Amino acid sequence: MDAQKRIRQLMEERGWTDYRLAKEANLSHSTVTNMFNRNNAPTLPTLEAVCKAFGITLAQFFTEDDESPITEEQQKLFSTWSTLTDEQKRLLLDLMNTM
């Protein structure tokens with residue numbers, strides 16, 4: 001799989017620029033542009049940061065078929081979950097367990 005091509009695809013689906021990806025993934029802009037301009041393969045930590053920014057797992061990143069293993073609603077939940085503090089996550093899980 002061509003990781004740079006997959007990242008470009010995900011960026012295009014969201015209408016993201018290189019700068020937006022760098023900001024969302026908490027990477028330097030040069031890291032992102034070098035990945036494309038110099039054809040540098042992303043390191044595992046970079047790829048993990050990119051996946052987190054997109055709100056997907058590494059497994060989803062490497063899924064080749066067009067069918068996502070989770071729904072768009074579930075993806076939104078995972079994306080929001082990743083922005084919560086540990087305390088917020090604990091409180092939310094407590095709330096869900098009482099339902």
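1. Arginine 90 forms a salt bridge with glutamate 87, their closest N and O atoms lying 2.7 Å apart. The term denotes a side-chain nitrogen of Lys or Arg within 4 Å of a carboxyl oxygen of Asp or Glu. The model is a predicted one, in which local features need pLDDT of at least 70, side-chain atom pairs count only at pLDDT 80 or more, and totals for chains, interfaces and linings use all residues. Residues are numbered from 1 along each chain as its sequence is written, and side-chain values use heavy atoms, with hydrogens and water left out.

2. Both residues belong to helix α7 (residues 86-97), three residues apart, or about one turn of the helix. Helices here are DSSP runs of H or I with at least four residues, numbered from the N terminus.

3. Arginine 90 also forms a salt bridge with aspartate 94, with 2.8 Å between the closest N and O atoms. This pair lies in helix α7 as well, four residues apart, about one turn of the helix.

4. Relative accessible area is 41% for arginine 90, 43% for glutamate 87 and 37% for aspartate 94. Each value counts as partly exposed, the class between buried (under 20%) and exposed (over 50%), with a 1.4 Å probe and protein chains only.

5. A further salt bridge joins arginine 14 and glutamate 13, whose closest N and O atoms are 3.8 Å apart. Arginine 14 is partly exposed at 28%, whereas glutamate 13 is exposed at 53%.

6. Over the whole structure, the search finds five salt bridges.

Methods: Helices (H or I, at least four residues) and strands (E, at least two) are DSSP runs, numbered from the N terminus.
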